[in-house]
Amino acid sequence: MAPDQFHDLFKAWQKRLRRGSHRVRPPSHAPAAFVTAHAACPSSPPAICSPGRRVGAPSAAGRRIAPRTVLPAGVHWDRHGSAAQRACEPAVRRLAGSQRAVARKAPEVEEAVPPASATVVIRAGSATYPFTLASGQLGRIGTWREAVGNARTVAVITSRPVAALFPGALRAIAETGARRVVLEIPDGEDAKTLQVVGRCYQALAQARFTRSDLVVALGGGTVTDLAGFIASTWKRGARLVHAPTTLLALVDAAVGGKTGINLPSGKNLAGTFYQPERVLADDTVLTSLPVRELRSGLAEVIKCGFIADPAILDLLPDPARAQAQRYLRLIELSVRAKAQLLADDVTDRGLRRHLNYGHTAGQAIETASGFTLRHGEAVALGMVYAARLCELLTGVRGVTADTQDALHRVGLPTRLQAAVSFEQMWDLMQQDKKVSPGRPSFVLSPRRGTATLACMPQREIARAAFDDVLRPERR
Ligand SMILES: NC(=O)c1ccc[n+]([C@@H]2O[C@H](COP(=O)([O-])OP(=O)(O)OC[C@H]3O[C@@H](n4cnc5c(N)ncnc54)[C@H](O)[C@@H]3O)[C@@H](O)[C@H]2O)c1
């Protein structure tokens, strides 16, 4: 389909979605008790049954969930409205409550926020898909009906804390009428392992998951990386929709089709390129995000400002305050910047490599810190390092100060605190898959909004840059 045709179709679809979005009804086959409960409490969370439970055995309320299926521990199959699930709800509510307690307190409200929406059409090689940014859309059944299409089973890959934060999204998926399977994975970087991949394959096999069924990634970048990997390899490619819930995933991990699994010898060493069918971006997910995670996402936003669109750097928010309009704009600009760079380079061989700005050193620092640093914090340090290298290699001045200033404005680190030595960082940088010896592969940004590739610097220059800007200050 031609891009313009796609765009028109997509606009028409959006109109229909907007018209239908308020008609949120339980499915016609839902039990009467559920219909009543839904009407009384439309925001009640979905049920999640206990791990390893024999599905098909009588539930607490004496009903069967589904015949002859045992799901592995940590993987839950539920149908919204079943008596067994309703029996589990108080526990899930408690979990949701405790998660909310650890989440960021609602910051001071600065702006009255009307519901907003924007669409960026992502063209990645032969694939074209929409990144729809719409406030509150993850809880709308209309959104999910469109996304699910004719899939008979939807496998939602998510972590327990994220599931507890977004009961409305899980419920809306169940209300589409498709069978919903929740694959609960460990939270954070622990999810991106081959063991977890194996457990998910096992669950998909038990659910008789086909290629025309749908994988939904609900969570941050670790979830979209893992879910993308699973979707791309399951029967050589199942359908995939991303529903990112962190700023970092919204502006980066959910867009562009890179998937990744960590191996003992390094981060993201196994992976594929696999584009989702759509990205459902909902900025209201940011309201529960801890400030540290917001800052981590802002590192990728700042990166886009340095390599592609300097306007981004004039819009940087104060992460301790609610600036919803500003985040909406920043998400849109960052995704547009990324979309431009990957349009003609899906597999990281040309312009797309500019998106690795700050990542060669950053990922080495992240790994050497034992993942005590958030991904964005490590990328922030990687950008300071790249800025100083740029000054040493090209003679341009002021790049480091400009970078440090942008990072300070949002409270990101600009100097190492964790015990990471130059030797550790250097060794890990040599193993980085982005680095090709003797070929330009290290990204520099000599001026806001521009990027260029340089060869890996010689060890002495690399060390000088480390000592100048990263080495922890002696107390
Ligand atoms: N594929 C790509 O192109 C790409 C790009 C950048 C980063 N990444 C990957 O992304 C990962 C980092 O992603 P991340 O920073 O989103 O981390 P993450 O997925 O670990 O999420 C961070 C934490 O935030 C919590 N969380 C998620 N949504 C929340 C919400 N709305 N409110 C409150 N808490 C919430 C999670 O439970 C988790 O504890 C790394 O593994 C990195 O390699 C991939």
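In the predicted model described here, helices H7 and H8 are oblique to each other. Helix H7 comprises residues 194-206 and helix H8 residues 221-233. The two helices pack at an angle of about 50 degrees, and their axes lie 11 Å apart. The crossing of H7 past H8 is right-handed. On the H7 side, the contact is formed by Val196, Val197, Cys200, Tyr201 and Leu204, and these residues meet Leu226, Phe229, Ile230 and Thr233 of H8. By class, the residues of this contact comprise 8 nonpolar and 1 polar, with no charged residue.

Arg208 is located in the loop between H7 and strand E8 (214-219), and its phi is positive, at about 50 degrees, although the residue is not a glycine. The relative accessible area of Arg208 is 70%, and the residue is therefore exposed. Lys235 occupies the loop that runs between H8 and strand E9 (239-244). The phi of Lys235 is likewise positive, at about 50 degrees, and this residue too is not a glycine. With a relative accessibility of 44%, Lys235 counts as partly exposed, because values between 20% and 50% are assigned to that class.

The chain as a whole consists of 475 residues, of which 56% count as buried. Its secondary structure amounts to 16 helices and 14 strands. When contacts between residues at least 6 apart in sequence are considered, 75% of them join residues at least 24 apart. The protein chain exposes about 20,000 Å², and carbon and sulfur atoms supply 52% of that area.

Burial was also examined for an individual helix. Helix H4 (residues 141-148) has 6 of its 8 residues buried, so it is largely enclosed by the rest of the structure. The buried residues of H4 are Ile141, Gly142, Thr143, Trp144, Ala147 and Val148. Gly149, which comes just after H4, takes a positive phi of about 55 degrees.

Helix H13 (residues 375-394) packs against helix H16 (residues 459-470) at an angle of about 125 degrees, with the axes 9 Å apart. This angle makes H13 oblique to H16. H13 passes H16 in a right-handed crossing. From H13, the contact involves Leu381, Val384, Tyr385, Arg388, Leu389, Leu392 and Leu393; from H16, it involves Ile461, Ala462, Ala464, Ala465, Phe466, Asp468, Val469 and Leu470. The residues of the contact of H13 with H16 fall into 13 nonpolar and 2 charged, with no polar residue.

H13 also packs against helix H12 (residues 359-368), where the axes come within 7 Å and cross at roughly 130 degrees. H12 and H13 are therefore oblique to each other, and their crossing is right-handed. In H12, the residues that take part are His359, Ala361, Gly362, Gln363, Ile365 and Glu366, which meet His375, Ala378, Val379, Leu381, Gly382 and Tyr385 in H13. This contact of H12 with H13 is made up of 6 nonpolar, 5 polar and 1 charged residues.

Ser296 and Glu377 are separated by 81 residues in sequence, whereas the distance between their C-alpha atoms is 5.6 Å. Apart from its neighbours within four places in sequence, Ser296 is in contact with Leu248, Arg374, His375, Gly376, Glu377 and Leu412.

Conventions. Residues are numbered from 1 along each chain as its sequence is written. This is a predicted model: local features need pLDDT of at least 70, side-chain atom pairs count only at pLDDT 80 or more; totals for chains, interfaces and linings use all residues. Side-chain values use heavy atoms; hydrogens and water are left out. Axes are lines fitted to C-alpha atoms, for helices over the stretch in contact, and angles run from 0 to 180 degrees between N-to-C directions. Helices (H or I, at least four residues) and strands (E, at least two) are DSSP runs, numbered from the N terminus. Angles under 35 degrees count as roughly parallel, over 145 as roughly antiparallel, 65 to 115 as roughly perpendicular and the rest as oblique. A crossing is left-handed if the near helix is turned anticlockwise from the far one by less than a right angle, and right-handed if clockwise. Contact means heavy atoms within 4.5 Å. Ala, Val, Leu, Ile, Met, Phe, Trp, Tyr, Cys and Pro count as nonpolar, Asp, Glu, Lys and Arg as charged, and the others, Gly among them, as polar. Buried means under 20% relative accessible area, exposed over 50%, partly exposed in between (1.4 Å probe, protein chains only). Accessible areas come from the Shrake-Rupley method with a 1.4 Å probe; for residues, only the protein chains shown count as cover.
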